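Me: I've got a structure open and I'd like to walk through it. Can you help me read it?

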Amino acid sequence: NLAFAEEWMVRRQVASSFTDTRDAIVTAIENRGIVINYTARIADMLERTGADIGARRKVFEQAEIIEFCSASLSRKMMEADPHNIVLCPFAISVYTLPGDKAGTWVAYRKPQGKSAAMVEGLLKEIAGEAGR
């Protein structure tokens, strides 16, 4: 359950299954009254398109990006600086890697700039509910 932070990304691996981890993230988002806009099924897309371009390497066992938006937080963030539009929608990635039995990865882009703290707190809270 060690967290890795880079300048632009935060990720940690939890000892729960992909499904349990994804469901915990979805529940954490919905429990805050936030609507999920879209779920990108990245592993499925890579698998489907890999054959078309001659790629055979399996990148993920399972991988989804859950995109969501908080109307009140987004408004505050963009009132502070309209250029913060690039932070929307918020997204948390949930994925497992081939052959890695240690668990499921949870990751998000680390918001930058003056308004980053208000967004990062929400992302950190939601991501933190996975693997509990």
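Reply: Start with a definition. Helices (H or I, at least four residues) and strands (E, at least two) are DSSP runs, numbered from the N terminus. One case is K124, which lies in helix 4.

Me: What should I know about the model before we go on?

Reply: It is a predicted model: local features need pLDDT of at least 70, side-chain atom pairs count only at pLDDT 80 or more, and totals for chains, interfaces and linings use all residues. Residues are numbered from 1 along each chain as its sequence is written, and side-chain values use heavy atoms, with hydrogens and water left out.

Me: Back to K124. Is K124 buried or exposed?

Reply: K124 is exposed, because its relative accessible area is 57%. The cut-offs: buried means under 20% relative accessible area, exposed over 50%, partly exposed in between (1.4 Å probe, protein chains only).

Me: And how far apart in space are K124 and R57?

Reply: They are 31 Å apart, C-alpha to C-alpha. In sequence, 67 residues separate them.

Me: Which residues does I126 touch?

Reply: I126 also lies in helix 4. It touches I25, A28, I29, R32, F68 and I92, not counting residues up to four places away in sequence. Contact means heavy atoms within 4.5 Å.

Me: Is I126 buried or exposed?

Reply: I126 is buried, because its relative accessible area is 0%. I126 and A24 are 102 residues apart in sequence, and their C-alpha atoms are 8.6 Å apart in space.

Me: New topic: helix 3. Which residues are buried there?

Reply: L73, S74 and M77 are buried in helix 3 (residues 71-80). Seen down the helix axis, the buried residues fall within an arc of 100°, so they line one face. The arc is that of the directions from the helix axis to the C-beta atoms.

Me: Why would residues a few places apart point the same way?

Reply: An α-helix has 3.6 residues a turn, so residues three or four places apart point the same way.

Me: What do the buried residues of helix 3 pack against?

Reply: They pack against strand 4, strand 5 and helix 4 (116-128). The face turned away from the buried side carries the exposed residues A71, R75, K76 and E79.

Me: What about M78?

Reply: M78 is in helix 3 too. It counts as partly exposed because its relative accessibility is 26%. Leaving aside neighbours within four places in sequence, M78 is in contact with N84, I85 and C88.

Me: C88, then. Which residue does a cis peptide bond join to C88?

Reply: That is P89, and omega is about -10°. P89 sits in the loop between helix 3 and strand 5. In general, most peptide bonds are trans.

Me: Now the rings. How many aromatic pairs are there?

Reply: A search of the whole structure finds 3 aromatic pairs. One of them is F60 with Y95, edge-to-face, at 5.6 Å centre to centre and 70° between the planes. Rings of Phe, Tyr and Trp (its six-membered ring) pair if their centres lie within 6.5 Å; planes under 30 degrees apart count as stacked, over 60 as edge-to-face and the rest as tilted.

Me: Where are F60 and Y95 in the chain?

Reply: F60 is in the loop between helix 2 (42-53) and strand 4 (62-69), and Y95 is in strand 5. They are 35 residues apart, so the pair links distant parts of the chain. Y95 counts as buried, at 14% relative accessibility.

Me: Which ring does Y95 form a stacked pair with?

Reply: Y95 stacks with W105, at 6.5 Å centre to centre and 15° between the planes. W105 is in strand 6 (residues 104-109). W105 counts as buried, at 11% relative accessibility. F60, Y95 and W105 form one aromatic cluster.

Me: What does T96 contact?

Reply: T96 is found in strand 5 (residues 90-96). Leaving aside neighbours within four places in sequence, T96 is in contact with F18, F60, E61, Q62, G103 and T104. T96 is buried, with a relative accessible area of 10%.

Me: Last one: where is V14?

Reply: V14 is found in strand 2 (residues 9-14). V14 is buried, at a relative accessible area of 2%. V14 and R132 are 118 residues apart in sequence, yet 8.4 Å apart in space, C-alpha to C-alpha.
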